[in-house]
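This short report describes one protein model for a reader new to structures. Please look at the sequence and the 3D view before reading on.

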Amino acid sequence: MTRLGDLERAVMDVLWDGASGDTGGGVTVREVADALAGRELAYTTVMTVLDRLAGKGMVEREREGRAWRYRAAATREAHIAQLMLDALDLGGSRDAALVRFARSVTGTEADVLRAALNAQATRAAVPVDEGPDR
């Protein structure tokens, strides 16, 4: 997964956070541009960034009249998790990188990781239900 540049990240933050009360139906270029008004970006710049993000598979778009509505293809959390997995694939020892990461988290973060790992282990240990006929 490609890391996002500063402007791409700002645009994705608008999509992830929802612009103008978006409830999942996506946002238009104008809505994204308005949400980024403090950056003084041209409408065409925002349109180009959204088009490039669509090309990268980061956003999905749907035609609405003459305009497009854009929405994030994945959640912010899914994107960050994929970045972390990609970083582990950069080479070297995945185990060493994971241990170093685990040593760098706070106690609360360690509790979250522990709970997630325990839940994953529990799901993996549960046998597949073969149904009442078997």
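The text below goes from the whole chain to its core and then to one residue.

The model is predicted: local features need pLDDT of at least 70, side-chain atom pairs count only at pLDDT 80 or more, and totals for chains, interfaces and linings use all residues. Residues are numbered from 1 along each chain as its sequence is written, and side-chain values use heavy atoms, with hydrogens and water left out.

The protein has 6 helices and 2 strands, and from the N terminus their order is α-α-α-β-β-α-α-α. Helices (H or I, at least four residues) and strands (E, at least two) are DSSP runs, numbered from the N terminus.

| Property of the protein | Value |
|---|---|
| Buried share of the 134 residues | 21% |
| Accessible surface | about 9,500 Å² |
| Surface belonging to carbon and sulfur atoms | 52% |

Buried means under 20% relative accessible area, with a 1.4 Å probe and protein chains only. Accessible areas come from the Shrake-Rupley method with a 1.4 Å probe.

A nonpolar core is a set of buried Ala, Val, Leu, Ile, Met, Phe, Trp, Tyr and Cys residues joined through side-chain atoms within 4.5 Å. The largest one has 19 residues, and Val11, Met12, Leu15, Val32, Leu50 and Leu53 touch the most other members. H1, H2 and helix H3 (43-55) each supply at least two residues of this core, and H1 gives the largest share, 6 residues.

Thr28 lies in the loop between helix H1 (6-17) and helix H2 (29-35). Thr28 counts as buried because its relative accessibility is 15%. Beyond its neighbours within four places in sequence, Thr28 is in contact (heavy atoms within 4.5 Å) with Trp68 and Arg69.

Terms used. Buried means under 20% relative accessible area, exposed over 50%, partly exposed in between (1.4 Å probe, protein chains only).
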